[in-house]
Amino acid sequence: DEEVRTVWESLPKGWLLVFYQHQTNRSGLPWIEQKRAQLASALKLNYEEVKLAQGPKVANDVAFFFAVKA
C-alpha cells in the first residue's frame, strides 16, 4: 500500500496510474473487488474512482486497475 501511495502522490494532476494485478488466491474465491477496494484505500480514493479493465476470456486471473490523479 505504501509503495503505490508514494507513486500516486508523486504523479502530476491529470496523469493516469495503472496497476497490474494477478489473482492472489488459489482457492477460486472472488478477488477483483477486494483488490480494487484495497487500491482505493491505499490511494485514499473512493471505491468508484478506481476503475477496472480486464479480459476474462484471455486471462481471467489478471486485472488492470486505474485511476486519474485529480
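## Lysine 44, an exposed loop residue

Lysine 44 has a relative accessibility of 64%, and because this lies over the 50% limit, the residue counts as exposed. The model in which this value was computed is a predicted one. Lysine 44 belongs to the loop that connects helix 2 with strand 2, and its phi angle is near 60 degrees, which is a positive value in a residue other than glycine.

## The chain as a whole

The chain contains two helices and three strands, and, when followed from the N terminus, these elements come in the order α-β-α-β-β. Of the 70 residues in the chain, 31% are buried. The C-alpha trace spans about 35 × 20 × 20 Å along its principal axes, and the accessible surface of the chain amounts to about 5000 Å², with 55% of that surface belonging to carbon and sulfur atoms.

The three strands form an open sheet with antiparallel pairing, in which the strand order is 1-3-2. Strand 1 (16-22) and strand 2 (51-53) stand at the edges of this sheet, and because each has a single partner strand, one side of each is left without a neighbour in the sheet. From one strand to the next, the twist averages 30 degrees.

Strand 2 and strand 3, the latter made of residues 62-68, run antiparallel and are joined by three bridges. Alanine 53 takes part in this bridging, with phenylalanine 64 in strand 3 as its bridge partner.

## How the helices pack on the sheet

Helix 1, which covers residues 2-10, packs on the sheet and touches strand 1 and strand 3, while its direction makes about 160 degrees with that of strand 1. Helix 2, which covers residues 32-43, also packs on the sheet, where it touches strand 1, strand 2 and strand 3, and its direction makes about 30 degrees with that of strand 3.

In soluble globular proteins, nonpolar side chains tend to be buried together. In this chain the largest nonpolar core has 15 residues, and among these Trp8 and Leu43 touch the most other members. Helix 1, helix 2 and strand 3 each supply at least two residues of this core, and the largest share, five residues, comes from helix 2.

When its neighbours within four places in sequence are left aside, tryptophan 8 is in contact with Leu17, Leu43, Leu45, Ala67, Val68 and Lys69.

## The start of the chain

Aspartate 1 lies in the segment before helix 1. Its C-alpha atom is separated by 16 Å from that of leucine 11, a residue ten places away along the chain. Not counting residues up to four places away in sequence, aspartate 1 touches Gln38 and Ala42, and the side chains of aspartate 1 and glutamine 38 are joined by a polar contact of 3.1 Å.

Key. Residues numbered from 1 in each chain as written. Predicted model: local features only at pLDDT ≥ 70, side-chain atom pairs only at ≥ 80, totals over all residues. Heavy atoms only, no water. Pairing = 2+ DSSP bridges. Helix = DSSP H or I, 4+ residues; strand = E, 2+ residues; numbered from the N terminus. Axes fitted to C-alpha atoms, helices over the stretch in contact; angles between N-to-C directions. Contact = heavy atoms within 4.5 Å. Core = buried A, V, L, I, M, F, W, Y, C linked by side-chain atoms within 4.5 Å. Buried < 20%, exposed > 50% of the residue type's maximum accessible area, 1.4 Å probe, protein only. Areas by Shrake-Rupley, 256 points an atom, 1.4 Å probe, with all protein chains shown as cover. Polar contact = N/O pair within 3.5 Å; in protein donor to acceptor, adjacent residues only side chain to side chain.
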